[in-house]
Amino acid sequence: TASAAVEVESGEPLVKRIVNAASRSPQAACSAGALATIEGRWLTDGSTASDASGHSPELAGTRVWADGAAVPILSASATELSILCPDSVPGSEVQLVVRTSHGTAEPLQTVIRSATPGIFTLDGTGAGQGLVLLPGADSVATIRNPQVAGQPAMSGDQVVVYATGIDRLANVTVQIGEVQVTPASIGAVANRPGLYRIAVTVPSADWEAGDFPLSLSGDAPDGANWHSNVVKVALERNR
């Protein structure tokens, strides 16, 4: 025989924290129209669902309110809710409430920032290999490996970086290694609220094959300069 500990709970939703959906930063979790993630337990009625349109006030039996107003839920699982941050005044404190058929969680507080730039990563941790796609948008700018379809980028390639929390930034620049680059274009992804694609041309340099740090920064309307998380992009010399 053997013994095992069994944790018994009521099934009422429990919230731990809210973080930036891309960078996973709790300090820069929410700005108007950005994507954020609520972490916890029992956050749905047991199912997992997604709504890319971002217009759903209820998903998998779950609703989220920000100061009494319904917040769109883009994806929902028992441990994470991806939401679209409310269009609140920067600097204001917002109270978020999660409710399922099993009950209502304790209110969760967050401060709305003027911007919350975050670059998405392949593993969702906010660090490591960035969601940086090569021309054609079907492969990743990564070190060659059997787990991921992709290869390193080279000088002159135009790669696409996926991010959130940047729609109100001006003077956006992307840092690749020691080189600062002005994006070729920045645009919202159709039918994916809160998600932006940044097209960047890899600068000419004699890149040693390997991973390089990539980040972005920009100026918010209040004059603050915001920096994203740092991710990895693979580069190599032109053949």
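User: How many helices and how many strands does the protein chain have?

Analyst: The secondary structure of this predicted model is counted separately for the two kinds of element. Helices number 0 in the protein chain, and the count of strands is 22.

User: Why does the radius of gyration agree with that of a compact globule?

Analyst: The protein chain has 239 residues, and for a compact globule with that number the radius of gyration would be near 18 Å. The C-alpha trace spans about 60 × 60 × 30 Å along its principal axes.

User: What percentage of the residues in the protein chain is buried?

Analyst: A residue counts as buried when its relative accessible area is under 20%. The accessible surface of the protein chain comes to about 11,400 Å², with 50% of it belonging to carbon and sulfur atoms. Of the 239 residues, the buried share is 49%.

User: Which strands stand at the edges of the open sheet formed by 5 strands?

Analyst: The open sheet has the order β1-β3-β9-β8-β4, with antiparallel pairing. Two of these strands have a single partner strand each, so one side of each is left without a neighbour in the sheet. These edge strands are β1 (14-20) and β4 (49-50).

User: How many residues of strand β3 are buried?

Analyst: Strand β3 covers residues 35-41 and is joined to β1 by 6 bridges, the two running antiparallel. On its pairing with β9, β3 has 5 bridges, again in the antiparallel sense. Strand β3 is mostly covered, and the number of its 7 residues that are buried is 6.

User: Which residue in β9 is the bridge partner of E39?

Analyst: E39 lies in β3, where it is the bridge partner of R17. β3 also pairs with β9, and there the bridge partner of E39 is E80.

User: Which residue in β9 stands opposite I73?

Analyst: Strand β8 (residues 73-76) and strand β9 (residues 80-84) pair in the antiparallel sense, with 3 bridges between them. Opposite I73, the residue that stands in β9 is I83.

Technical notes:
Residues numbered from 1 in each chain as written. Predicted model: local features only at pLDDT ≥ 70, side-chain atom pairs only at ≥ 80, totals over all residues. Heavy atoms only, no water. Helix = DSSP H or I, 4+ residues; strand = E, 2+ residues; numbered from the N terminus. Rg over C-alpha atoms; globule rule 2.2 N^0.38 Å. Buried < 20%, exposed > 50% of the residue type's maximum accessible area, 1.4 Å probe, protein only. Areas by Shrake-Rupley, 256 points an atom, 1.4 Å probe, with all protein chains shown as cover. Pairing = 2+ DSSP bridges.
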